[in-house]
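The sequence and structure come next.

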Amino acid sequence: MSPPRHMTNEDPFPEKTKGKLRFYNMRYCPYALRARLMLTLKEVNFETINIHLRKKPEWFLEKFSAGTVPVIEIDEKILGESLVIAEYIDEVYSKPGEQIVPKDPYERARARMLISNLFPKVISAVYQRLKKEENWKVDFYKYFDKIEKILAEKNFFAGDVLGYADYMIWPWMRYFGPHCVDDALTEGRFPNLERWLTTMKKDPVVVKCAIPPNILAKFAEAYVTREFVYDLE
């Protein structure tokens, strides 16, 4: 079954179901995937409205003037920004004792520091590789060496078990595979990262949210040429 097509400025506002969470999404957007991973992990009952970011519906801009995804809406409550949404979902929809954002203030601060400080540099390095920039290996090795060191000391970015930080970086790490970025990790320089990638790809939440690798590769190729394709499936 194909996912819902991306709605444009020619589409009317789709009526909501009272009390049901609505997820405004772009099917291939890594930031939106952060929210989808959390919604899936917490088994939230939600509906998805895919938004065409080049032809945004006026009703979407009226709801969230920044015009970015992800956005979630519950009745009259609206939230945007991937990390804000991820932490909200974890706090509101977790069963007792099952929150993955660390409760301990220090551990929570450490996770946020990793996500807001190191991960953006890693993300930038991934994009440099996708675009095959001339000197992409400089930043790639610099920042991937750092995450390799972290993963040499523990199984996951979150610690001994898969957690918040792992899900928040996964949307960019999913590009590593035979259909997309298949050469960046082939030199055997990042064995701990490769172990982590193998484990993440088997995680049930990641599997449920996965885009077919050939489709993801098409999106990555289009991203490089700034085409931003939609509805590939």
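Start with helix α5. Its 18 residues should span 26 Å at 1.5 Å a residue, and its end C-alpha atoms are 26 Å apart, so the two values agree. The expected span of a helix is 1.5 Å times one less than its number of residues. Helices (H or I, at least four residues) and strands (E, at least two) are DSSP runs, numbered from the N terminus.

This is a predicted model: local features need pLDDT of at least 70, side-chain atom pairs count only at pLDDT 80 or more, and totals for chains, interfaces and linings use all residues. Residues are numbered from 1 along each chain as its sequence is written, and side-chain values use heavy atoms, with hydrogens and water left out.

Which residues of α5 are buried? They are Trp-136, Phe-140, Tyr-141, Tyr-143, Phe-144, Ile-147, Glu-148, Ile-150 and Leu-151. Buried means under 20% relative accessible area, exposed over 50%, and partly exposed in between (1.4 Å probe, protein chains only). The buried residues of α5 pack against α4, α6 and α7 (191-202). Contact here means heavy atoms within 4.5 Å.

Step back to the loop between α4 and α5, where Lys-132 has its place. Lys-132 counts as exposed because its relative accessibility is 65%. Lys-132 is not a glycine, yet it has a positive phi of about 55°. Its C-alpha atom is separated by 8.6 Å from that of Val-224, which is 92 residues apart from it along the chain.

Asp-75 also calls for a look at the backbone. Asp-75 has a positive phi of about 55°, although it is not a glycine. Asp-75 lies in the loop between β3 and β4. At 28% relative accessibility, Asp-75 counts as partly exposed. Another backbone feature is a cis peptide bond, which joins Val-69 and Pro-70 with omega about 10°. Pro-70 is found in the loop between α2 (58-63) and β3.

Now take α3. Its 12 residues should span 16 Å at 1.5 Å a residue; the end C-alpha atoms are 16 Å apart, so α3 agrees with expectation. Buried in α3 are Ser-82, Ile-85, Ala-86, Glu-87, Ile-89 and Asp-90.

Next comes the open space. On a 1 Å grid over the protein atoms alone, a pocket is an open set of points with protein on both sides within 12 Å along at least five of seven lines, while a cavity is a set where a 1.4 Å probe fits but cannot get out; lining residues have an atom within 4 Å of a point. Grid points are joined across faces, edges and corners, and a volume is the space filled by probe spheres set on the points.

The largest pocket holds about 600 Å³ of space. The elements that give two or more residues to its lining are α4 (105-130), α5 (136-153) and α6 (164-173). Of these, α4 gives the most, with 9 residues. The lining has 26 residues; Arg-110, Ala-111, Leu-114, Lys-154 and Phe-157 lie nearest the centre. By class, 15 are nonpolar, 4 polar and 7 charged. Ala, Val, Leu, Ile, Met, Phe, Trp, Tyr, Cys and Pro count as nonpolar, Asp, Glu, Lys and Arg as charged, and the others, Gly among them, as polar.

The second largest pocket has a volume of about 480 Å³. Its lining has 22 residues, and Cys-29, Pro-30, Tyr-31, Leu-53 and Phe-228 lie nearest its centre. α1, α3 (82-93) and α9 (213-224) each supply at least two lining residues.

A search of the whole structure finds 1 cavity of 30 Å³ or more. The volume of the largest cavity is about 70 Å³. Its lining includes Cys-29, Arg-174 and Cys-209. Helix α1 (residues 30-41) gives the largest share of that lining, 3 residues.

A disulfide is a pair of cysteine sulfur atoms within 2.5 Å, and the structure holds 0 disulfides. Cys-29 counts as buried at 12% relative accessibility, and Cys-209 counts as buried at 5%.
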